[in-house]
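Morning, everyone. Let's walk through the inside of this one. Please have the structure open.

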Amino acid sequence: MRPLLHDKQLAGQTAVVVGAGASGVAAARLLHALGAKTRLLDRNRDALSPAVRDELADMGVSLDFGPHTESMFAGADMVVPSPGVPVAKLAGFLAACPHAQVVSELELASWFVTEPMVAVTGTNGKTTTTTLVGEMLKSAGRRVFVGGNIGTPLSRYLLGDQEADVVVLEVSSFQLQNVKSFRPKVGVLLNFSPNHLDYHADLAEYLDAKLNLFARMTSDDLAIVPLEMKPILETRAFTKARTVYFAPSRRFPDNHLPGAHNLANMEAAWLACKAMGVTEDQARRAVADFKPLAHRIESLGEKGGVLFVDDSKATTVDAMRAAIESQDRPIRLLAGGVFKGGDLASLTDLLRSKVRQVGLFGANREIFQAAWTGKVDLFWEPTLEAAVTRLYRQADAGDVILLSPATASFDLYADYKARGADFARIMAQLPGEREARQ
């Protein structure tokens, strides 16, 4: 166990973890290791595999599934809501533990981290930039842990035996909304646009959550923020950290990351790593070797003269915009799913100039149709497979079929990864020669 952790740290305390995803399970394990009497709640009785359920039960973690009740929260000294569980929805249950401290798993774990932390947030590009920061640091010979909102929760890192010189974290607005002392050495805000308005009360609350990343930083720390937000940020006392503004740069011409948005991501990653002692040559080598991550403007190859690009991770309007702008071929666009907010009408000129056809699929078609009908050739199919098949049949050689939905995937898929994987499966099953169009 790490020096700051010991099994008596939270002895006599009761902790309730809400949500049995990766973050919740990691928090429950850490709380148990710290000596807290721990309860793990989830509305879904199948949220845990039998093996994990048995492991936690053997440890002494209390597991409660099904609808929440006040009794599940009674006597809690600490409540740890998983990302995606709005605290506002727990208000009625928190009445059973009015003095409980409500913190995110990120906050809890950060209490015990001694390594310098680089934290990356933003509406789009977080995972690519966080991963690239890790690769730049590795290129400079640093031992690096990369996790947080991607891959491994910070709590799991603390309980493992990996030794890192730098901890690099992707952090979401869900996590940041419930931090009270979290303070990275370097904080990065990549961009900001409407998103998660199905979770946050409004756009102002969403921005406040993002800026909470910088709230406890000092003049010894570095805040890296987008130049386009300078007029907004200079009116707010959002941090005491030294602040650097960044914009897209051609600093790294040898790269495999398409689109102007990635020019900004690379610049932000470099500035973060420069602050940690990485040289530009070391960063350049890392960028040259870095490949696009799965489901992020990922080229799947060609079939019948048509390129297929998987950007299933594009769950916002701005992410869709970046994907469209990154392509230099006529586009057949796939969109649809659980819409989280944003201005679809703002894409009209871009659609007219670059998109030949839009194939809608799944939920919320009425939102897309209201914004785009009469602006671009548009149709709807109930499934992704039907929409892809129809686009492929009507495409010309040289076109690109781009999956960039601007939505969450939960109407048809477990997550964006499953949606992207299905897109690849559909592509693989399409005939190499397309039927002649009628």
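Strand E6, residues 117–121, is largely enclosed by the rest of the structure, because five of its five residues are buried. Buried here means under 20% relative accessible area, with exposed over 50% and partly exposed in between, using a 1.4 Å probe and protein chains only. Strands are DSSP runs of E, at least two residues, and helices are runs of H or I, at least four, numbered from the N terminus.

A word on the source. This is a predicted model: local features need pLDDT of at least 70, side-chain atom pairs count only at pLDDT 80 or more, and totals for chains, interfaces and linings use all residues. Residues are numbered from 1 along each chain as its sequence is written, and side-chain values use heavy atoms, leaving out hydrogens and water.

What covers E6? Both faces are covered. Met117, Ala119 and Thr121 sit on one side, Val118 and Val120 on the other.

Now the neighbours; pairing takes at least two DSSP bridges between two strands. E6 runs parallel to E8, residues 166–170, joined by four bridges. Met117 partners Val167 there. E9, residues 186–189, also pairs with E6 in parallel, over four bridges. Leu189 of E9 stands opposite Thr121.

Next, the cores. A nonpolar core is a set of buried Ala, Val, Leu, Ile, Met, Phe, Trp, Tyr and Cys residues joined through side-chain atoms within 4.5 Å. The largest has 52 residues; Leu31, Leu154, Leu169, Phe182 and Phe214 touch the most other members. Helix H1, residues 22–33, gives the most to this core: five residues. Another core lies apart, with 34 residues, including Leu222 and Leu271.
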